[in-house]
Amino acid sequence: YTYSQNNTWIPMAGLAIAAYVLIDETDETKDWAKLSRAVFDRTMLAFATDGYFYESFHYFGFAFRWMIRYFDAHWMATGENLYLPMRSKFNQMKYFAMHSILPDGENVFDFADVGDGSLNRNGTSKRESLYSEYDIIYRFASIYQDAEAQTIGGFLHKNTKLETREPMWAFLNYDTNLKSAPLSQIPLGVYFNDNDTVFWRSGWDKNATAFAFRCAPPEGHHAARLAKQIPDWRQNTGHAQPDANSFIIWAQGKYLTGDTGYLGIKQTDDHNTILVNGRGQEKDGVYEMFKEVSNEKLDKIRIAEVVGNKEYFYVRGEAASGYYGDLGLKKFDRHFLYVSDYFIVWDELETEKPSDFTFMLNADREIKLNGNTADLINQDVTLRVVRVTPNVANSKVVPQLIQARGLPGSVDKGDSEQRGVQLQTTFAEKQTKFEFLHFLQPILTADKTSAPKIEQTEKGLKITWANGDSDEINLRTEKRSVQRKRNGKMLPIMMLSRN
């Protein structure tokens, strides 16, 4: 059975409920009940330890509610409360639900198979709607008497445009006696350390800046290490994608760069990451690309450093082991830094043999190139991208063509469709050691202010703004830091220490 995947939970929940309805009428139903309990026992064991659901936010709502239905029916029929042993695993799922929804309250961080990427955000998708399924979070709030879950359920219910498929269950699950926690108590940053995915935002208002970074095995580290101990577990990672060391940025009310939604065929070049010799992460080009890749290899994909507060955020991902072995990729470390209102993306790459490298960024609408600068334009907001290193490279803008999902049963037989455009920057002079260094800044499209002066230094780079203020960023030593000069005065150093 695919214990950690939706195609098992749904029929097993149905089988169990049928068993409990009919158990006094035929002995066969006892075997149904035993089987479903055994399968869910494995599901509980295999489930991620951090509350993140690898199949996407869409499948969290679509499928996880059936685990809730099973838990409730089983508890009512047998008296066994399965919520109790799962409390530590479910505890952060409320944050997964809250942080997955973008500040506009109608779109989501679309890691893995969810939505139709730019077609959703541009209002041209004709496929199914997105849901928050806030009734699930209300159930957690009631079961665990969790005031934060009550707050998050209420926020999803009243402050977003995403509904639940089953409002009746929200009515039944809502605990009128449980007081909500203050919204200010909900953390603005959360790190899912099993699935090595981080989210950060400046606030819970619609004008907030929000971003996410992911560098993880498809099902997380827990599954990668546990799978070999359970021979009856047939893993299914068809909804996971080759997105190691990728990121999504939302600012000033717009989705500025990120993912491409639900894919019938998984390709590395559908994501904001790197290609080596034009190729990507291992076994891409099919629907379930991770099926033949060893868990030992996948488990080495990880976030190695993460630290942040209200003023900045820094993360470093290590993704080399996720790529085709014959590429000889020894190192792909991506440093992703946010400071106030700009981002630094620094990639360190090393191969066994001379190779060329391609840096990719997706945009929902259009990209304009001007030398080392690319403007990713989404109506009135632009993500200005300045290539600092290498100084000379081949940049181009191409249609972001993906193969969409097909009908159930032939999900890899979908049509080709365009979901925005992509910036591709390739350094064609083959190297064994190479770096990309980019400066990204959200601005209003009407803003004609020149980009700041950006200089590489021994420790990182120096950014000098038009008014004379400057930032000196050290990413090249273990004592990573940001030193800011404002109005001629040096401010205290922000230490980006290991965590």
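Two strands pair if DSSP finds at least two bridges between them; helices (H or I, at least four residues) and strands (E, at least two) are DSSP runs, numbered from the N terminus. The model is predicted: local features need pLDDT of at least 70, side-chain atom pairs count only at pLDDT 80 or more, and totals for chains, interfaces and linings use all residues. Residues are numbered from 1 along each chain as its sequence is written, and side-chain values use heavy atoms, with hydrogens and water left out.

**Sheet**

Five strands form an open sheet with antiparallel pairing, in the order S1-S2-S3-S4-S5. Its edge strands, S1 (189–192) and S5 (254–257), each pair on one side only. From one strand to the next, the twist averages 15 degrees. Strands S3 (residues 210–214) and S4 (residues 246–251) are joined in the antiparallel sense by five bridges; alanine 210 has tryptophan 250 in S4 as its bridge partner. Helix H5 (residues 93–100) lies across S1 and strand S2 (197–201) and runs at about 120 degrees to S1. Such angles run from 0 to 180 degrees between N-to-C directions, with axes fitted as lines to C-alpha atoms, for helices over the stretch in contact.

**Helix H7**

Buried means under 20% relative accessible area, exposed over 50%, and partly exposed in between (1.4 Å probe, protein chains only). Helix H7 (residues 134–144) is largely enclosed by the rest of the structure, because eleven of its eleven residues are buried. These buried residues, among them Tyr134, Arg139 and Tyr144, pack against H3 (57–78), H4 (87–90), H5, H8 (147–158) and H9; contact means heavy atoms within 4.5 Å. Glutamine 145 follows H7 and has a positive phi near 50 degrees.

**Two residues compared by accessibility**

Alanine 216 touches Asn195, Asp196 and Ile301, not counting residues up to four places away in sequence. The C-alpha atoms of alanine 216 and glutamine 145 are separated by 32 Å, the two residues being 71 residues apart along the chain.

**Surface patch**

Met168, Phe171 and Leu172 make a nonpolar surface patch of about 380 Å². Patches are made of residues with over 30% relative accessible area and no salt bridge, with like charges joined within 9 Å and nonpolar side chains (Val, Leu, Ile, Met, Phe, Trp, Tyr) within 5 Å. A salt bridge is a side-chain nitrogen of Lys or Arg within 4 Å of a carboxyl oxygen of Asp or Glu.

Technical notes. Areas by Shrake-Rupley, 256 points an atom, 1.4 Å probe, with all protein chains shown as cover.
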